[in-house]
Amino acid sequence: MNVPCSPNPCPQPTGACCVRNPAGGADAVIVKPALAYLDIIKAVASETDLPVAAYNVSGEYAMVKAAGKLGLINEYAVMCETAVAAFRAGASAPRSRAPRA
């Protein structure tokens with residue numbers, strides 16, 4: 001199936017509108033994948049008083065691990081920067097598959 005690329009496949013308000021009145025008494029909001037949705041994290045954080053968790057999915061983690069293994073990046077520094085990026089976007093709880101340092 002050949003799907004044409006849209007310049008804006010998922011408008012930002014779509015991600016944030018669901019957290020204004022979370023169903024079921026949610027205790028937190030999880031946004032994933034974190035790196036691709038930093039703008040959504042920012043929008044969600046501004047719309048709710050709930051904690052916002054930014055989750056780095058396995059593909060994001062694997063990408064960093066592979067580049068580190070090939071010596072293309074400093075793996076630890078990039079893992080730290082992804083957490084900092086999520087905090088800057090408004091996440092109160094970045095989550096990753098990376099082990100604690």
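**Entry 1: surface patch.** I looked up Leu70, Leu72 and Ile73 and found a nonpolar surface patch with about 320 Å² of accessible area together. Accessible areas here are Shrake-Rupley values with a 1.4 Å probe, and for residues only the protein chains shown count as cover. Patch residues need over 30% relative accessible area and no salt bridge; nonpolar side chains (Val, Leu, Ile, Met, Phe, Trp, Tyr) are joined within 5 Å, like charges within 9 Å. A salt bridge is a side-chain nitrogen of Lys or Arg within 4 Å of a carboxyl oxygen of Asp or Glu.

**Entry 2: ground rules.** I am working with a predicted model: local features need pLDDT of at least 70, side-chain atom pairs count only at pLDDT 80 or more, and totals for chains, interfaces and linings use all residues. Residues are numbered from 1 along each chain as its sequence is written, and side-chain values use heavy atoms, without hydrogens and water.

**Entry 3: Leu72.** I placed Leu72 in the loop between α3 (58-69) and α4 (75-89). Helices (H or I, at least four residues) and strands (E, at least two) are DSSP runs, numbered from the N terminus. Leu72 counts as exposed because its relative accessibility is 62% (exposed is over 50%, buried under 20%, partly exposed in between; 1.4 Å probe, protein chains only).

**Entry 4: Thr82.** I found Thr82 in helix α4. Thr82 is buried at 12% relative accessible area. Leaving out residues up to four places away in sequence, Thr82 touches Leu35 and Asn56 (contact: heavy atoms within 4.5 Å).

**Entry 5: Tyr55.** I checked Tyr55, in strand β2 (residues 52-55). Tyr55 is partly exposed at 24%. Tyr55 and Lys32 are 5.0 Å apart, C-alpha to C-alpha, and 23 residues apart in sequence.
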